[in-house]
Every structure is written in C-alpha cells, then in structure tokens.
Amino acid sequence: MVARCVTALVGGYGAAAALATLLARLLPIDRAEATAFGMILSALLYALIGLWCFHEPRLARVAGGVWGIALLGGALVWLLGARP
Amino acid sequence: MNGNLRQNMAWIHGWLGLIAGWILFAMFLTGTASYFRPEITRWMQPEVTSTPVPATTAARSAVAYLQTVSADDAAWYISLPDARDPVTHVFVQPNAKAAARPRRREELLLDGTTGRPVHGRDTRGGEHFYRFHFQLQLPYPWGRWLAGLCALFMLGAIISGVVTHKRIFADFFTLRWNKGQRSWLDAHNVSAVLALPYHAVITYTGIITLIVMYMPWPIAANYAKPDDFYQAAYGLPPERAATRRAAPLVAVAPLIADAERRWGAPAARIVVTNPNDAAATVTVYRTPRASLNARGPSLTYAGRDGALIARAGDPGPALATAGVMLGLHVAQFAGPALRWTLFGLGLTGAAMVGTGLLLWTAARRRPNASPFFGLKLVERLNIATIVGLPIGMAAFFLANRILPADMAERAAWEVKAMFWTWAALALVQFVRPARRAWPEGFALAALVFLAVPVADTLTTSRGLPGSLLAGDMLFAAFDLAMLAIALLFAVASWRAGKPPRQITRRTRQAETIHA
C-alpha cells in the first residue's frame, strides 16, 4: 500500500510532469502557447494517473507504468534540451 | 483495487476525501468568503468612507500626492477605485538608494478626490481569508504546496465520485431526512451533484491559478530564461532602465482616457516606472470585469511625452484559456447577483465536503458497539473543523470591532484571535460527549455570528438598522448576512440536537459504503 501511495503521489507527479513537458516541448506551435497547453493539462494527467494507481490491481504494473513514463519521459526531455 | 471500477473509485473517493477533507473544508469556506474580499475589508475599516470618482480623477490626484512624497521611486503601482472599492490603493517600490531607508507602510490608501491618505484601523481585512485560502497560514512555499495537493485530492475525489455514482440524475431529486447514514449520503449527493459543474470548475481552475509554481517544467523545456515566458504569456510591459536624466511625468489622466476609449472599458490599474525620468513608462491595465479573462490587455505609454510605446494582451487559445480559468476562479467579472450566486455555490462546496466527512463516520458507526479510535478521532476533527473554523472566522470579525483602534500590531492580533479561538474550541469540545458537542457547538456559532452585527452597532455608527435606513448597503448586507449565518447555525443546532431515530430496517446499499 505504501509503495502504491508513493508511486501515485511522487511517481504520478513525475509522469504527469514528463508528459506535460514533452507535450509543451514538441507541439509545433508558438512556444508560449505550447507551454500553456502543457501546464493546463498537467493537473488532469496527474489526477488520472493517480487514480489509475489505485485502480490497477497489480502493483508491478502500476510501478512499472508510472515510474517508466516518468523516467523515460524525463530522459527524453533531458535529451531534447531546451527549445532553441 | 481488487473490485470493479466503481468499487475501486468508491474506495479511493472515501480516502481522498478523508485525508484532504478538513483542509478542503477550510479552503472552501475562506475561499467563498473571498468572493467579497474588498467588501470585507471595507466593513473592517468602518472609518474609511470615500465617494466613488472616475478613474481619471483618482489617478490624477494619486499621482499628484505621490509627486510630493516620493517623486524618485522606482515604481508606483496604483489600483484605481471602482464601485466595489472606492479607495485608491498604492504600492510604492523605492529606488535602490531609498531601499536602505526604513520601510514605509506597505500599502497606501488614498482618497480618490483629494489624493490625501485615508487612515483606517490596521487590519488584514478580506485579504486574510484570501491568503489563508491558498497559503493556509503556513510559510511560503509549503502552504501553497499543501493547498495544491488538497486541490488535487479534490479533483481526484470529484472524478472518482462521479464514477462511483449509478444514478446521478435521480440524485438531483433525492433527499431523505432523518434516515441516519442514508440522509448524510443524500445530503452529500445533493450538495455535490447539484453544483457539480461549479465544484469541478472551481477545483481545476484553482490548481491552474498556481500551476506555474506547481508545474514549472514545461517552461523550463521551452525557455532558457523563465522570465521570457512571463513576458510572452502575461504581456509584461518592456523593461526600461532609468536614464538618470530628469524629465517631468506627463499628465496621466489623458493617457487613461485614451486607453479607456480604445477598449471601451474602464481602466483598473496603472503602473508608473521610474517617474520623472526620461525613460519613465505608464502602463494602463483594463478592468478584469470587462471579460472572463482575468489577464486583461494593457497599454504602455512613454512617461516623457505620452506616446503609445507598447500594447499587450492578445493571447493565443491556450494562454486565453489559462486566463479565463484564472478569471473563472477569482470571479472578478461577476456582478452582485452572480457574485451572491457564486457565494451560495461555494457554500454548497463546503457542505459537500462537510457532509462527506460526516458520512465517513456515519458509514462506520455500528449500533451497540463502542466506536474505535480512528472513528472517534475523525469525529472530533470533524467537530473542530466544521464548528470551530466558522466560529474562528466570526472571532476575527469581532476582534476587529473590539480591539482598540490604535493598538500596536492590531492586524496581527485580529488574525491571532481567529486561530486561538479555533484552537481553543478544538480542545474544549473534548469535555462534552461528541453527540452533545455538535448541537452545542452550532449554538455557540449562532451566538457568535449574532454578536458580530451587535458589536458593529455598538462600536460604530454604521450598524443595523441605521445602515439599512441610510442606504449604506454594504454594511447592511454584511450584517444581514451575519444574521442569516447565525440563523443557519441555530437551525443546525436544533437539528443536531434531536435524538437520532431508530433505524428499524437496514437501508444501506452496496453503493453507499465508501470502504
């Protein structure tokens, strides 16, 4: 249960942040607009990811999915670097 | 987790609501009060009376006054008076030289007509509830993070609560009184479902108001310097360094008139940077009441000759959405009727959280069994929050009327009055059994709220019924609202004091148990 809660709270934030940032970084529109879209959607992503953490019965799948998205997405953001 | 979607969501809904519930109740209540932030401040400074004047007049008189007292400041932030707040508010940012001097009062209140300072009693006013609503009286940034986390729990609770529901339409019309747990569930459903669009919008937009702090990573991915994003997103006026060459500031009133003509809407705020310098700028901001978007456009003029040098505020769809979300949350666009409606909806939010908390205990109480420790704890915390906080808020108002007007640290003492009262009630309730603490607490709340208009009448010349007869609608409405709240608590006390009816048939259904 503790693992699930930590995954939902911390991992969920990481995954939502990674997805929102990727969206903001990759959307081929004005960068201020893309940034705003990413931020607006991030809260919804975080809430849905967090709820899914308590819905999915297999803990391994929860942890793998959430931390996987967070780490992979974070790595991708880091590789892409700031928009030139 | 091991059940179907609906059971899992019911489980998580119960826990999310419990963990964040008490803070959310406080956020709902103080946030709802903040719909009347300037009005509360005006009520808490009864000495300050000012007749509304046009923005141009107020700007002219404020600038004339500032020229005499601090002509060499780095910037003047001037909030112009309007129908809700007829006083000019000024923040001055001293220049680097003067910053070392003893700090002046943070905010100046100026009379719109004369530009002279007006002096009211020292108070935080409506600003206190507004700040508490998202900072929770904790040091920066922890209060904001905690408020954000609770708002996120609320969002999760709304989503899971909707999924949990089988009969969302029927719940509109269902309220069964005096059926124990069933009634609390109905009350929770009615308050939640009736105003569901409001709850969803206010929660999501609440998170968006501070999203730049909660989720700064999209900015970091797109901008080497975050300031460039704020520049692009919020249309900040271009920064111009002072030249150190003196040049008298042009008259600001014609600039405001020009801006208002271009918008066809009043100006709310002007910012003068480097006044009386050759690089001075005057930025005029449109009133947020003119549109749903709280971030209205602005026009920047050169302070030396009044030429229009920059215009901002034509955002794209995403930034406009963010601005409208902010606008929907702070509701500055709302006129009196809509404002009172939103106030009522905010109270349904507090009712939803409050009934949800009560439901948590009702669903776990077993007849003929002594309650377990967690149940007792939750029940006591429920009393401390649902009874204690409103009484604390009333104590804040009472302290405003009772403390001497010239007392040192007066504003801080008003705030202390609220929190000490709240803390004292949270402890004192333990001398009474929980079943008695509810009606007695509500009765005390009714008395304290009744005392607020009484204290107003005894200590000021603007109390009831004189304010009603004199057409002083702000004071009359405030005091009448206090009386209405007192009545509400009296009814609550009467209902909570009635002995619970024996439930002969177990009416509990599978969907009612958030376990």
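## Contact between the chains

Two residues are in contact if their C-beta atoms, placed from the backbone, lie within 7 Å. In this predicted model, the contact between the two chains draws 28 residues from chain A and 32 residues from chain B. On the side of chain B that touches chain A, at least two residues come from each of helix 1 (5-33), helix 5 (142-164), helix 7 (196-209), helix 8 (211-214), helix 9 (217-222), helix 10 (226-234) and helix 12 (317-330) of chain B. Sorted by class, that side of chain B holds 25 nonpolar and seven polar residues, with no charged residues.

## Fold and dimensions of chain B

Chain B contains 19 helices and seven strands. Its radius of gyration is 26 Å, close to the 24 Å given by the globule rule for 515 residues, so chain B is as compact as a globular protein of that length. Along the principal axes, the C-alpha atoms of chain B fill a box of roughly 85 × 55 × 40 Å.

Of the 515 residues in chain B, 43% count as buried. Among the contacts in chain B with a separation of 6 or more, 69% join residues 24 or more positions apart.

## Domains of chain B

Two domains are assigned in chain B: domain 1 (5-45 + 126-209 + 336-512) and domain 2 (51-119 + 236-312). Each domain is listed as separate segments of the chain. The C-alpha centres of domain 1 of chain B and domain 2 of chain B are 39 Å apart.

Definitions and conventions:
Residues are numbered from 1 along each chain as its sequence is written. Chains are lettered from A and ligands numbered from 1 in the order in which they are written. This is a predicted model: local features need pLDDT of at least 70, side-chain atom pairs count only at pLDDT 80 or more; totals for chains, interfaces and linings use all residues. Helices (H or I, at least four residues) and strands (E, at least two) are DSSP runs, numbered from the N terminus. Ala, Val, Leu, Ile, Met, Phe, Trp, Tyr, Cys and Pro count as nonpolar, Asp, Glu, Lys and Arg as charged, and the others, Gly among them, as polar. Domain bounds come from an automatic or database domain assignment. The radius of gyration is taken over C-alpha atoms; the globule rule is 2.2 Å times the number of residues to the power 0.38. A residue is buried if 20 or more other C-beta atoms lie within 10 Å of its own, exposed if 12 or fewer, and partly exposed in between; C-beta atoms are placed from the backbone.
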